[in-house]
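Notebook open, model loaded. I'm jotting down what I looked up, in the order I looked.

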Amino acid sequence: MVSVAILGAAGGIGQPLSLLMKLNTSITKLNLYDIVNVPGVAADISHIATNAEVKAFLGPTQLADAVTNVDLAIIPAGVPRKPGMTRDDLFKINAGIVKSLVEAIAENSPKAIIAIISNPVNSTVPIAAEILKAKGVYDPKRLFGVTTLDVVRASRFVRDIRPELDATTLRVPVVGGHSGNTIVPLLSIASSPIKLSTEERDALTHRIQFGGDEVVKAKDGAGSATLSMAYAGARFADSIIRALGGESVVEPTFIPLAADPEGAKQIRELGAGDLEFFAVTVELGKEGVKSIVQLPTSNLTGFELKAIAVAAEALTTNISTGVNFVKNA
Ligand SMILES: NC(=O)C1=CN([C@@H]2O[C@H](COP(=O)(O)OP(=O)(O)OC[C@H]3O[C@@H](n4cnc5c(N)ncnc54)[C@H](O)[C@@H]3O)[C@@H](O)[C@H]2O)C=CC1
Ligand SMILES: O=C([O-])CC(=O)C(=O)O
């Protein structure tokens, strides 16, 4: 019995994500919320012969009902990038959207696990944390920024230059955040050894960091990644759901490091310093984050350690932008 709400369900990500969630046989209730078009999306998806009951919730007056008694709330609501924009350029609009949605979740399902897709993730997750704190229901183990697309891209982009590797099983840990140089792929500790020249390493790292731009450019004004993001979001949601069911599951994700202060020590020593949020690989359990998975740090290269330091600097600003948005409201 798992109840899931998708907030922003009628959007470019929301629609295929809702479809993939309807195919997830562990889900018994699927609440689809948006401010436009959601009755049609829900009616359509509800005909698929799986057991989940699909319901539409349209507009702010139906938001509280959409997020009542849910185990997992996934948030892909908000505007996407156009060519020439950075993810930070989305802050002005998306900050307020995420704030109002998290307020409703805090009030109606204070124990729900919250997975935020809306950009800029480096700032929207800190916004959510501040809202949950203000509402007195903050549990750092239950708040996640979805960075799965970065590891999905890393596996696929490696395969583009090493076709002998299997993209479906290769895992490249990606730490830091979710934008440009805050995305730090740790190619030296991938699940299979990848021999790279310096030029290949630089090009591959850059491609993983700026993979989103490839899609924004190709869509030419019609938005950013939606289908690959829906796949990544569904994979992340499935991991959360399996963990809620008692399985031990490992996932990379942007989290409050307070979720596992002891486990965070390693990542702090690597360069995250006193940052409150960082993308790490976590072991998930019934209560959300069980622990931060420890990295084989002695294998990291100087190039990777430097990239972590660069990411940490940018993240400091992104995180305080999010925190200050709520504190100064
Ligand atoms: N974390 C990640 O890896 C990724 C994040 N994104 C981000 O996801 C977000 C959504 O992208 P798309 O689906 O392509 O955009 P979209 O514009 O196609 O869809 C957004 C949906 O949110 C809805 N919405 C707007 N305000 C809302 C509110 N207050 N409450 C509920 N719904 C609301 C809209 O009506 C629309 O249906 C963007 O911020 C984008 O940057 C996109 C790709 C990857
Ligand atoms: O590039 C964007 O704006 C959307 C996104 O986060 C991604 O595709 O990684």
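I started with crossing handedness, so I noted the rule: a crossing is left-handed if the near helix is turned anticlockwise from the far one by less than a right angle, and right-handed if clockwise. Helices here are DSSP runs (H or I, at least four residues), strands are E runs of at least two, and both are numbered from the N terminus.

Ground rules before going on. This is a predicted model, where local features need pLDDT of at least 70, side-chain atom pairs count only at pLDDT 80 or more, and totals for chains, interfaces and linings use all residues. Residues are numbered from 1 along each chain as its sequence is written, while chains are lettered from A and ligands numbered from 1 in the order in which they are written.

**Helix 5 on helix 11**

I looked up the crossing first: helix 5 passes helix 11 in a right-handed crossing. For the record, axes are lines fitted to C-alpha atoms, for helices over the stretch in contact, and angles run from 0 to 180 degrees between N-to-C directions. On the helix 5 side the contact is made by N122, S123, T124, P126, I127, E130, I131 and A134. Helix 11 answers with L315, N318, I319, T321, G322, V323, F325, V326 and K327. Contact means that the C-beta atoms, placed from the backbone, lie within 7 Å. By class I get nine nonpolar, six polar and two charged residues for this contact. The classes are: Ala, Val, Leu, Ile, Met, Phe, Trp, Tyr, Cys and Pro nonpolar; Asp, Glu, Lys and Arg charged; the others, Gly among them, polar.

**Helix 1 on helix 9**

Next I checked helix 1 (residues 14–22) against helix 9 (residues 227–244): the angle is about 35 degrees and the axes are 8 Å apart. The crossing of these two, helix 1 and helix 9, is right-handed. P16, L17, L20 and M21 of helix 1 meet L227, A230, G233, A234 and A237 of helix 9. That contact divides into eight nonpolar, one polar and no charged residues.

I stayed in helix 9 for S228. S228 and P16 are 212 residues apart in sequence, yet 9.5 Å apart in space, C-alpha to C-alpha. Leaving aside neighbours within four places in sequence, S228 is in contact with L149 and V152.

**The two ligands**

Which residues come nearest to ligand 1? Of the 33 around it, they are G8, G11, G12, A77 and N119; "near" means a C-beta atom, placed from the backbone, within 6 Å. Strand 2 (27–34) and helix 4 (91–108) are the elements that give two or more residues to this shell. Helix 4 has the largest share, three residues. By class, the ligand 1 shell has 19 nonpolar, 12 polar and two charged residues.

Around ligand 2 I listed P80, R81, R87, N119, L149, G212, V215, V216, S224 and A225. Helix 8 (residues 211–219) gives the most to that shell, with three residues. The classes there come to five nonpolar, three polar and two charged.

N119 turned up again in the backbone check: a cis peptide bond joins N119 and P120, with omega about -5 degrees. P120 sits in the loop between strand 5 (113–116) and helix 5.

Strand 9 (residues 249–256) and strand 10 (residues 277–285) pair in the antiparallel sense over eight bridges, pairing being called when DSSP finds at least two bridges. V250 has E283 of strand 10 as its bridge partner. Strand 10 also pairs with strand 11 (residues 288–292), antiparallel, over four bridges. Here L284 is bridged to V289 of strand 11. A hairpin joins strand 10 to strand 11 through two residues.

**Positive phi**

N37 is not a glycine but has a positive phi of about 60 degrees. I found N37 in the loop between strand 2 and helix 2 (38–45). N69, not a glycine either, has a positive phi of about 55 degrees, and lies in the loop between helix 3 (63–66) and strand 4 (72–75).

How values were computed. Two residues are in contact if their C-beta atoms, placed from the backbone, lie within 7 Å.
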